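Hello,

Here is the structure I promised to pass on. Please open it and keep it in view while you read my notes below.

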Amino acid sequence: MQAFYGFKDGSGDWFVIIDTDKCDGCGKCVAVCPANVLEVDNNEYDPLSEEIVAKVREAERKKVRYSCAGCHPGYGEGTPPCVVACEAGAISHSEGWKLMYGR
Ligand code: SF4
Ligand code: SF4
């Protein structure tokens, strides 16, 4: 499933999205994140499962727009490090940053 972490406001939608079916919990996205936004932990959307997946840390979910902004100037030209690191293609970002930076 697609797990959305972030928020929506009048300026756009600001979500880091983890495809929990693709994510294998390798932690490579966590290692490259310059703002300590991510962690790997139990899949909270499937509490009966014991799988470990990437997620946005609880403390970051209301400010992910700002925490991730440093990776997004040039989004579309320069892909955020977490997306580059994820060989499984499990992590993506909503349209807010793309619209804000015009690409
Ligand atoms: S966009 Fe940057 S700050 Fe945001 S989760 Fe990815 S690597 Fe971390
Ligand atoms: S790099 Fe991809 S597969 Fe690995 S923990 Fe992060 S989102 Fe999951």
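Which residues are around ligand 1? Start at Val 16. Then come Cys 33, Pro 34, Ala 35, Val 37 and Leu 38. Ser 67, Cys 68 and Cys 71 follow, and Pro 80, Pro 81 and Cys 82 complete the list. By class, that shell has 11 nonpolar residues and 1 polar residue. It has no charged residues. Bear in mind that this is a predicted model.

Now go to ligand 2. Here 15 residues form the surroundings. The closest are Cys 23, Cys 26, Cys 29, Ala 54 and Cys 86. This shell has 11 nonpolar, 2 polar and 2 charged residues.

Next, look at two single residues.

Val 30 sits in helix 1, which covers residues 28–32. Is Val 30 buried, exposed or partly exposed? Val 30 has 18 C-beta neighbours inside 10 Å, so it counts as partly exposed. Set aside its neighbours within four places in sequence, and Val 30 is in contact with Leu 38, Glu 39, Val 40 and Ala 54. Val 30 and Lys 55 are 25 residues apart in sequence. In space, their C-alpha atoms are 9.2 Å apart.

Leu 99 belongs to helix 4, residues 95–100. Why does Leu 99 count as exposed? Because 12 other C-beta atoms lie within 10 Å of Leu 99, and 12 or fewer means exposed. Leu 99 and Glu 50 are 49 residues apart in sequence. From C-alpha to C-alpha, Leu 99 and Glu 50 are 37 Å apart in space.

Best wishes

Terms used
Residues are numbered from 1 along each chain as its sequence is written. Chains are lettered from A and ligands numbered from 1 in the order in which they are written. This is a predicted model: local features need pLDDT of at least 70, side-chain atom pairs count only at pLDDT 80 or more; totals for chains, interfaces and linings use all residues. A residue is near a molecule or strand if its C-beta atom, placed from the backbone, lies within 6 Å of it. Ala, Val, Leu, Ile, Met, Phe, Trp, Tyr, Cys and Pro count as nonpolar, Asp, Glu, Lys and Arg as charged, and the others, Gly among them, as polar. Helices (H or I, at least four residues) and strands (E, at least two) are DSSP runs, numbered from the N terminus. A residue is buried if 20 or more other C-beta atoms lie within 10 Å of its own, exposed if 12 or fewer, and partly exposed in between; C-beta atoms are placed from the backbone. Two residues are in contact if their C-beta atoms, placed from the backbone, lie within 7 Å.
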